[in-house]
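Open the model in your viewer and keep the selection tool ready. This tour tells you what to pick next and what you will find there.

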Amino acid sequence: MFKENQFSNLRIIKIKNKIIYVIDKHQYNLPLWGNFSIKNNKSYTLVSIDFHPDTNPPFYQSALLEATIKDDENAEILAEKIIKRKVSSIKHEDVLSLISVSDELSNDEHINTAMELSYLSDYHMINCMDKHEYDRGAHYKVSSDFFSSLENEMFESVDFKIPDEDIVLDIDLDYFSKKDSFKPKNNDIIKKLIKKAEIITIARSKKYFEYLKKDEFNLEECENSCINMIKEIILKKM
């Protein structure tokens, strides 16, 4: 369906029967998830590992700006109406049109957009910033002791359990501030997630990666280390 560099510097890697997509900006997961959901005629449960809890409503920033300009005092109420209008105008089955939709999204609005369009039925957001309690989805706040970690202990510290449902695994590289993150010693949980995931999406998020990293390594090294870890797990070398 998609070609290398078609949007957001897309990179496509196939390891055995599993496809890994790498993109620059996180919101461009929308066409990837949409295509996979439509092709298989089912919704997926997302497991996302990210520094930030990217679960704002669809089009929230642009809708709030538009609403504030029109009616500052009632901006939040008006923004909700604008969001509903924008979501209802999306051509749900037109995968290529989702690329243009992603152009309008901020980098923390794609998950709930995918939920609204039923590409996702649920999500588990493992992040370092907030443990939101929304009507749907689950957030797990990682303590600073476990920032950048993929060890079993990190997942256990936030009481994360691998969902029973079919999953999409999503990883934002800004989560990784240390070079040794991709060689966890106790790695049963990340191994199970990678093997269980029907597809894997990775966002480079260069701006945030550069801001948050602690070790001296670059984004390309981080990306390749992440992919090599996934490859080793899929090929049963880890």
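**Stop one: two helices**

Select helix H1 (residues 29-40) and helix H4 (residues 97-104). Their axes come within 8 Å and cross at roughly 145 degrees. Helices here are DSSP runs of H or I with at least four residues, strands are runs of E with at least two, and both are numbered from the N terminus. Axes are lines fitted to C-alpha atoms, for helices over the stretch in contact, and angles run from 0 to 180 degrees between N-to-C directions.

This is a predicted model, in which local features need pLDDT of at least 70, side-chain atom pairs count only at pLDDT 80 or more, and totals for chains, interfaces and linings use all residues. Residues are numbered from 1 along each chain as its sequence is written, and side-chain values use heavy atoms, with hydrogens and water left out.

Show side chains at the crossing. H1 gives Leu30, Pro31 and Gly34 to the contact, and H4 gives Leu98, Ile99, Val101 and Ser102. Contact means heavy atoms within 4.5 Å. Sorted by class, five of the residues in this contact are nonpolar, two are polar and none is charged. Ala, Val, Leu, Ile, Met, Phe, Trp, Tyr, Cys and Pro count as nonpolar; Asp, Glu, Lys and Arg count as charged; the others, Gly among them, count as polar.

Now colour H4 by burial. Its buried residues are Ser97, Leu98, Ile99, Val101 and Ser102. They pack against H1. Buried means under 20% relative accessible area, exposed over 50%, and partly exposed in between, with a 1.4 Å probe and protein chains only.

Is Ser102 buried or exposed? Ser102 is buried, because its relative accessible area is 0%. Beyond its neighbours within four places in sequence, Ser102 is in contact with Gln27, Tyr28, Leu30 and Pro31.

Go back to H1 and pick Asn35. Asn35 counts as buried because its relative accessibility is 11%. Leave out neighbours within four places in sequence, and its contacts are Met1, Phe2 and Val95.

Hide the side chains and show the strands. Seven of them form an open sheet with mixed pairing, in the order E1-E2-E7-E6-E3-E4-E5. Two strands pair if DSSP finds at least two bridges between them. E1 and strand E5 (138-141) stand at the edges; each has a single partner strand, so one side of each is left without a neighbour in the sheet.

Zoom in on strand E1 (residues 11-15) and strand E2 (residues 18-23). They run antiparallel and are joined by five bridges. Find Ile13, which stands opposite Ile20 in E2. The two strands form a hairpin with two residues between them, and Lys16 in the turn has a positive phi of about 55 degrees.

Move on to strand E7 (residues 199-203). Five bridges join E7 to E2, and here the strands run parallel. Ile19 stands opposite Ile199 in E7.

Bring the helices back. H1 packs on the sheet and touches E2, strand E3 (44-49), strand E4 (120-127), strand E6 (167-172) and E7; its direction makes about 170 degrees with that of E7. H9 also packs on the sheet, touching E1, E2, E6 and E7, and its direction makes about 20 degrees with that of E1.

**Stop three: the cores**

Select Phe155, Ile202 and Ile230. These touch the most other members of the largest nonpolar core, which has 41 residues. Such a core is a set of buried Ala, Val, Leu, Ile, Met, Phe, Trp, Tyr and Cys residues joined through side-chain atoms within 4.5 Å. Helix H9 (residues 219-234) supplies the largest share, eight residues. A second, separate core has 36 residues, including Ile23, Ala67, Val87 and Ile111.

**Last stop: the loops**

Pick Arg136 in the loop between E4 and E5. Arg136 counts as partly exposed because its relative accessibility is 33%. Not counting residues up to four places away in sequence, Arg136 touches Asn112, Met115, Glu116 and Tyr123.

Finish at Asp159, in the loop between helix H6 (152-157) and E6. Its phi is near 60 degrees, a positive value in a residue other than glycine. Asp159 counts as exposed, because its relative accessibility is 56%.
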